[in-house]
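Colleague: Could you take me through this model? I would like to go through the helix packing, the chain as a whole and a few individual residues.

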Amino acid sequence: MSYMTRQQQAVLQCIESCPGGRATAMELMQRLRQSGQTVGLSTVYRQLERLVAQGCVHKLLTDDGACYQYCDKTRHKNCFLLQCEGCGAIFHVDCSHLGELYTHLLESHGFAINPRRTMFYGLCEKCREAAQ
């Protein structure tokens, strides 16, 4: 992993400690300030973009705006994201079958998917069971 500034480390640790490892920039700024750190919103955004570039965080575009998801790079090197439309949970999945789909799209259709920015939507097991 490349060098991280104290601010980057603080933002990364903060997002990792959030429920589900997910938060908006505003939520992160508020949490950091509550912990006694003086940080502005533009600084949080800047550090988040650097963390996204390093692969430590996913940037998710939602109906409510952008939010950020922690990603443990030691466990999820080329992860795929699944979001439950019922409860909103986001799952990191390492699945060779999805990799095969991406390879097929590239080789047969000339389209290269960026798995770090791709989200699949559906229902998780708990929400499917609750709906029955």
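Colleague: How are α1 and α3 oriented to each other, roughly parallel or roughly perpendicular?

Modeller: This is a predicted model. In it the axes of α1 and α3 cross at roughly 80°. Angles from 65 to 115 degrees count as roughly perpendicular, and α1 and α3 are therefore roughly perpendicular to each other.

Colleague: Within what distance do the two axes come?

Modeller: The axes of α1 and α3 come within 9 Å.

Colleague: Which residues meet there?

Modeller: From α1, the residues are Gln 7, Gln 8, Val 11 and Leu 12. On the α3 side they meet Thr 43, Gln 47, Leu 48, Arg 50, Leu 51 and Gln 54. The residues of this contact between α1 and α3 divide into four nonpolar, five polar and one charged.

Colleague: Staying with α1, how many residues does it have, and what span does it reach?

Modeller: Helix α1 covers residues 6-17, which makes 12 residues. From first C-alpha to last it reaches 16 Å, close to the 16 Å expected at 1.5 Å a residue.

Colleague: Which of its residues are buried?

Modeller: In α1, the buried residues are Gln 8, Ala 10, Val 11, Leu 12, Cys 14 and Ile 15. Of these, Gln 8, Val 11 and Leu 12 also take part in the contact with α3.

Colleague: Let us move to the whole chain. What is its secondary structure?

Modeller: The protein chain has five helices and six strands. Along the sequence, their pattern reads α-β-α-α-β-β-β-β-α-β-α.

Colleague: What box do the C-alpha atoms fill, and what share of the residues is buried?

Modeller: Taken along the principal axes, the box is roughly 50 × 40 × 25 Å. Of the 132 residues in the protein chain, 36% are buried.

Colleague: What share of the contacts joins residues 24 or more positions apart?

Modeller: Such pairs account for 45% of the contacts in the protein chain with a separation of 6 or more.

Colleague: Now some single residues. Where is Arg 33, and what does it touch?

Modeller: Arg 33 is found in helix α2. Not counting residues up to four places away in sequence, Arg 33 touches Val 39 and Gly 40. Its C-alpha atom is separated by 16 Å from that of Glu 16, 17 residues apart along the chain.

Colleague: Why does Arg 33 count as partly exposed?

Modeller: Arg 33 counts as partly exposed because its relative accessible area is 47%, and the exposed class begins over 50%.

Colleague: And Val 93, where does it lie and what is it in contact with?

Modeller: Val 93 lies in strand β5, residues 90-93. Leaving aside neighbours within four places in sequence, Val 93 is in contact with Cys 79, Phe 80 and Leu 82.

Colleague: Why is Val 93 not classed as buried?

Modeller: Buried means under 20% relative accessible area; Val 93 has 23% and therefore counts as partly exposed.

Colleague: Lastly, where is Leu 101, and how far apart in space are Leu 101 and Leu 48?

Modeller: Leu 101 is in helix α4, residues 96-109, and is partly exposed at 36% relative accessibility.

Methods
Residues numbered from 1 in each chain as written. Predicted model: local features only at pLDDT ≥ 70, side-chain atom pairs only at ≥ 80, totals over all residues. Heavy atoms only, no water. Helix = DSSP H or I, 4+ residues; strand = E, 2+ residues; numbered from the N terminus. Expected span 1.5 Å × (residues − 1). Buried < 20%, exposed > 50% of the residue type's maximum accessible area, 1.4 Å probe, protein only. Axes fitted to C-alpha atoms, helices over the stretch in contact; angles between N-to-C directions. Parallel < 35°, antiparallel > 145°, perpendicular 65-115°, else oblique. Contact = heavy atoms within 4.5 Å. Nonpolar A, V, L, I, M, F, W, Y, C, P; charged D, E, K, R; others polar.
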